Amino acid sequence: MHVTVEDAERSYLAVIKGEPPKAEELPRPTECPRCRTLNLPEAVYCLKCGTPLKLEEMVEEYKQPALLQELVERLHRLEEELRLLRK
Ligand SMILES: [Zn+2]
């Protein structure tokens, strides 16, 4: 599925205004599994609580190296935190 910036912006505006986006023309907002916040369809993390929203899709999405880079950096930070917790 190809999502343009314009699609994402329209969907984001709909979320802000509280309007349900039209499924046939807008990508669906991603609901956070933890806090139920509606996020941008392409959001990687929940805007509110930071929960990763679509790890599986990110791994498959070669066209977005920036997102993958962000994921890798985030995992490295988590590893570092775990290491500190184990001490
Ligand atoms: Zn959340």
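I began with the order of elements: along the sequence the protein chain runs α-β-β-α-α. I counted three helices and two strands. This is a predicted model, so I looked up confidence next.

**Confidence**

The protein chain has a mean pLDDT of 79. I noted that 76% of its residues reach 70 or more. I then went through the elements. Strand E2, residues 38-39, has the highest mean pLDDT, at 92. Helix H2, residues 55-60, has the lowest, at 64.

**Burial and contacts overall**

I looked up how much of the protein chain is buried. Buried residues make up 11% of its 87 residues. I also checked contacts between residues at least 6 apart in sequence. Of these, 16% join residues at least 24 apart.

**Helix H1 and what follows**

Just after H1, I found Gly18 with a positive phi of about 80°.

Is Tyr12 buried or partly exposed? I found 19 other C-beta atoms within 10 Å of Tyr12. Burial needs 20 or more, so Tyr12 counts as partly exposed. For Leu13 I found 12 C-beta neighbours inside 10 Å. The exposed class takes 12 or fewer, so Leu13 counts as exposed.

Tyr12 and Glu42 are 30 residues apart in sequence. In space their C-alpha atoms are 10.0 Å apart. Leu13 and Leu40 are 27 residues apart in sequence, and 9.4 Å apart from C-alpha to C-alpha.

**The loop between the strands**

I went to the loop between strand E1 (30-31) and E2, where Arg36 has its place. The phi of Arg36 is near 70°. I flagged this as a positive value in a residue other than glycine. Is Arg36 buried or exposed? Arg36 has 10 C-beta neighbours inside 10 Å, so it counts as exposed.

Ala43 sits in the loop between E2 and H2. I found 18 C-beta neighbours inside 10 Å of Ala43. That falls between the limits of 12 and 20, so Ala43 counts as partly exposed.

What does Ala43 touch, leaving out residues up to four places away in sequence? I found Thr30 and Leu53. I also looked up the separation between Ala43 and Glu31, which are twelve residues apart along the chain. Their C-alpha atoms are separated by 10.0 Å.

**Helix H3**

I finished with H3, residues 65-86. Helix H3 has 22 residues and reaches 31 Å from its first C-alpha to its last. That is close to the 32 Å expected at 1.5 Å a residue. How many of the 22 residues of H3 are buried? The count is zero, and I noted H3 as hardly covered.

Technical notes. Residues are numbered from 1 along each chain as its sequence is written. This is a predicted model: local features need pLDDT of at least 70, side-chain atom pairs count only at pLDDT 80 or more; totals for chains, interfaces and linings use all residues. Helices (H or I, at least four residues) and strands (E, at least two) are DSSP runs, numbered from the N terminus. The expected span of a helix is 1.5 Å times one less than its number of residues. pLDDT is the predictor's confidence in each residue, from 0 to 100. Two residues are in contact if their C-beta atoms, placed from the backbone, lie within 7 Å.
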